[in-house]
Amino acid sequence: MTVEKKPFETEVSRLLDIVTHALYSDREVFLRELVSNASDACDNHRYQVVSNKSLKDEAREYQITLSVDEKAQTLTVSDNGIGMNHDDMVSNLGTIARSGTAKLMEQIRKAKKAGGDGTSLIGQFGVGFYSAFMVADKVVVTSRKSGEDKAWQWVSDGKSGYEIDSADKENAGTDVVLYLKKDAKEYLETIRLKHIVEKYSDHISIPVMLGEEKLNRGAALWQRSKSDISEDEYKQFYQHVAHAGDDPLLTLHWKAEGKFEYSSLLFIPTLRPYDIFDPRREHHVKLYVKRVFITDNCEGLVPPFLRFMKGVVDSEDLPLNISREVLQQNPLVAKIGSAITKKVLGEIKKMADTDDVAFKDFWYNYGQVIKEGLCENVEHREAIFDICRFHSTHSKDEQVSIADYVSRMKEGQDAIYYLAGEKMDILRSSPQLEAFKKQGVEVLLLNDMIDEYWLPAVSDYKGNTFKSAIRGAGDITGQSKPETPEEEKEQALAGQNDLTKYIKEVLGVSVRSVRLSKRLTDSAVCLVTDEGDLDANIERLLKMQGKMETAYTRILEINPDHPVIKRLGDMVKDGSAWEESSVTRDMVWLLLDQARIAEGDPVLDPAKFSERLARTMEKGLSVAA
Ligand code: ADP
Ligand code: MG
């Protein structure tokens with residue numbers, strides 16, 4: 001058979017170009033990546049053996065071996081793990097399996113612009129193997145897959161493509177041979193290699209050998225006692241399990257004993273993982289059973305709203321030899337999941353209470369994801385609320401907790417008020433807030449997309465219901481407006497009733513109804529909804545997603561104390577507003593558009609809007625002249 005030549009996937013070529021040319025400092029991390037892959041390959045094989053009785057005879061002692069050939073100037077990383085066949089090589093070493101590459105490239109470009117080099121980003125997005133080309137100008141991978149007879153060889157110079165050919169290999173597993181570049185001969189030195197393995201790979205649970213010597217400790221890190229583990233060891237382990245290049249923001253290491261037993265070593269990444277908004281919402285915490293790696297996607301082990309967590313959970317009680325699918329249905333998984341959720345939320349709360357800076361970073365990166373838990377996770381809802389923060393009229397700079405909000409509620413205040421929309425500055429200057437400001441009632445300002453999903457699902461917080469500030473009549477504490485004398489009030493009301501009728505007649509179906517406002521103090525108009533109606537922002541979202549076709553018309557509230565409204569009222573009363581040529585019709589339409597603009601919505605009909613505005617200005621100028 002002739003040698004098969006294949007080009008790299010475009011993405012791989014681009015990445016390799018960056019890897020070989022730009023990333024020069026810290027290139028020793030290539031060894032961490034290759035050892036990490038060898039370790040994963042052994043873990044995978046061990047799982048095959050324990051979960052599949054027919055492979056029982058395949059059980060073996062795992063080992064990763066480094067060897068140096070002075071004459072050929074090569075460094076080889078070998079393992080006796082799962083191995084790869086022809087197709088595995090094509091898909092694993094010729095393409096980029098993970099979707100994070102584009103993002104990595106972007107990050108590297110950014111890092112370079114900022115004066116850095118981006119090396120620390122390698123491995124973060126699952127492209128670790130290619131880091132071999134930082135130190136080698138030729139890489140030969142020879143591998144035999146466990147349970148198969150044929151071995152294969154993959155050869156590449158890391159430029160345009162690679163070649164695959166059949167090969168001879170006695171044992172199952174993989175040898176990665178690096179033909180070291182001229183300026184990378186230091187990686188032939190025993191001391192150098194020993195140092196790198198100790199530095200990055202000490203936590204790997206499979207022995208890494210160089211000659212007769214074992215270079216790493218070879219015990220599962222999460223099984224060791226906390227006092228025995230340095231911060232740096234935690235960090236190296238984190239970078240290994242998470243395929244990450246950053247530091248952990250929070251490290252949680254504990255052992256649960258009692259009804260069920262498990263060890264857990266979990267991390268919150270400092271940098272938000274690139275796939276956090278992937279619609280599959282999968283977590284990647286690895287599940288081990290009695291030190292055997294089972295899966296990194298066990299549904300129910302970590303709830304979706306904590307999917308940014310990385311690390312390991314190692315159970316003593318789950319059965320080893322059942323398939324991944326059946327394992328997920330084991331009720332013990334749900335119990336461990338719940339215990340983990342409780343623990344993690346508790347630790348985040350501690351961070352919120354003690355380390356403001358770290359917590360702010362946390363909330364900035366993960367707040368939107370955490371809020372998903374408010375609608376989905378009834379069991380832990382209160383604990384989730386404890387770590388949620390929201391913008392509010394209480395402060396321009398600091399976000400507030402619901403507990404703080406409740407502690408500031410006014411006497412007679414019947415609800416937790418919120419105003420939801422897309423843009424914070426529009427929310428902050430919204431006319432709907434006027435009466436709240438006047439009465440000193442705080443309003444939460446919610447501008448995350450996710451807020452529209454948890455709000456309808458969560459009726460209350462400790463007995464206080466959530467209520468939209470634009471819904472209902474605007475009575476907040478039952479004392480919104482100062483009393484005016486009865487007679488005067490009736491007179492005024494009669495006039496204003498005519499005015500609301502007039503406005504409704506002009507606007508027709510563009511508004512549902514027109515009424516006097518109890519919530520406005522400065523602005524002339526605003527749009528509101530009734531109790532039980534869709535919130536304006538949900539309506540906006542549904543329209544955006546094409547789920548709703550026509551506008552769900554809203555109620556126009558007018559401020560009877562506003563000079564424009566007063567003048568309009570007079571003109572309705574004396575009949576002049578009803579004249580065909582009257583400018584009041586234009587004004588009424590302009591008022592509606594003004595209310596829309598205040599919410600960040602476009603005017604109803606831009607052409608007509610301009611005409612009306614021009615006519616009104618003309619009229620205003622001729623009066624002034
Ligand atoms: P990652 O380890 O994040 O998946 P890498 O670029 O490091 O990404 O490796 C790509 C893939 O190549 C691995 O997912 C694995 O399928 C395969 N691979 C690499 N090294 C080995 C090895 N020593 N044994 C078996 N498979 C390997
Ligand atoms: Mg890897």
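Predicted model: local features only at pLDDT ≥ 70, side-chain atom pairs only at ≥ 80, totals over all residues.

User: In which strand does C526 lie, and which residues is C526 in contact with?

Analyst: Helices (H or I, at least four residues) and strands (E, at least two) are DSSP runs, numbered from the N terminus. C526 lies in strand β22, residues 525-528. Contact means heavy atoms within 4.5 Å. Leaving aside neighbours within four places in sequence, C526 is in contact with P431, Q432, R519, L520, I555, L556, E557 and A595. C526 and E599 are 73 residues apart in sequence, and their C-alpha atoms are 8.7 Å apart in space.

User: How many disulfides does the structure hold?

Analyst: A disulfide is a covalent bond between the sulfur atoms of two cysteines. The criterion is a pair of cysteine sulfur atoms within 2.5 Å. The structure holds zero disulfides. C388 is another cysteine to look at, and is buried at a relative accessible area of 0%.

User: How many helices and strands are in the protein, and what share of the residues counts as buried?

Analyst: The protein has 19 helices and 23 strands. Of its 625 residues, 52% count as buried. For contacts with a separation of 6 or more, 70% are accounted for by residues 24 or more positions apart.

User: Where does F8 lie, and what does F8 touch?

Analyst: F8 lies in the loop between β1 (4-7) and α1 (10-21). With a relative accessible area of 6%, F8 is buried. Not counting residues up to four places away in sequence, F8 touches a list of residues including L16, L93, G94, W154 and Y162. F8 and G94 are 86 residues apart in sequence and 5.4 Å apart in space, C-alpha to C-alpha.

User: Now polar contacts. Which side chain is joined to that of E28 by a polar contact?

Analyst: A polar contact is a pair of N or O atoms within 3.5 Å; within protein, one must be able to donate a hydrogen and the other to accept it, and residues adjacent in sequence count only if both atoms are side-chain atoms. The side chains of E28 and R192 are joined by a polar contact of 3.1 Å. E28 is in the loop between α1 and α2, and counts as buried because its relative accessibility is 7%. Beyond four places in sequence, E28 touches Y187, R192, I196, K199 and Y200.

User: Where does S146 lie, and which side chain does S146 meet in a polar contact?

Analyst: S146 lies in the loop between β4 (136-144) and β5 (151-156). A polar contact of 3.4 Å joins its side chain to that of H45. S146 has a relative accessible area of 14%, so S146 is buried. Among the residues in contact with S146, leaving aside neighbours within four places, are H45, E58 and R60.

User: At what angle do α17 and α18 cross, and which residues meet?

Analyst: Axes are lines fitted to C-alpha atoms, for helices over the stretch in contact, and angles run from 0 to 180 degrees between N-to-C directions. The axes of α17 (residues 563-573) and α18 (residues 584-598) cross at roughly 145° and come within 11 Å. I565, L568 and M571 in α17 meet T584, V588 and L591 in α18. Ala, Val, Leu, Ile, Met, Phe, Trp, Tyr, Cys and Pro count as nonpolar, Asp, Glu, Lys and Arg as charged, and the others, Gly among them, as polar. The residues of this contact of α17 with α18 divide into five nonpolar, one polar and no charged.

Key: Residues numbered from 1 in each chain as written. Chains lettered and ligands numbered in written order. Heavy atoms only, no water. Buried < 20%, exposed > 50% of the residue type's maximum accessible area, 1.4 Å probe, protein only.
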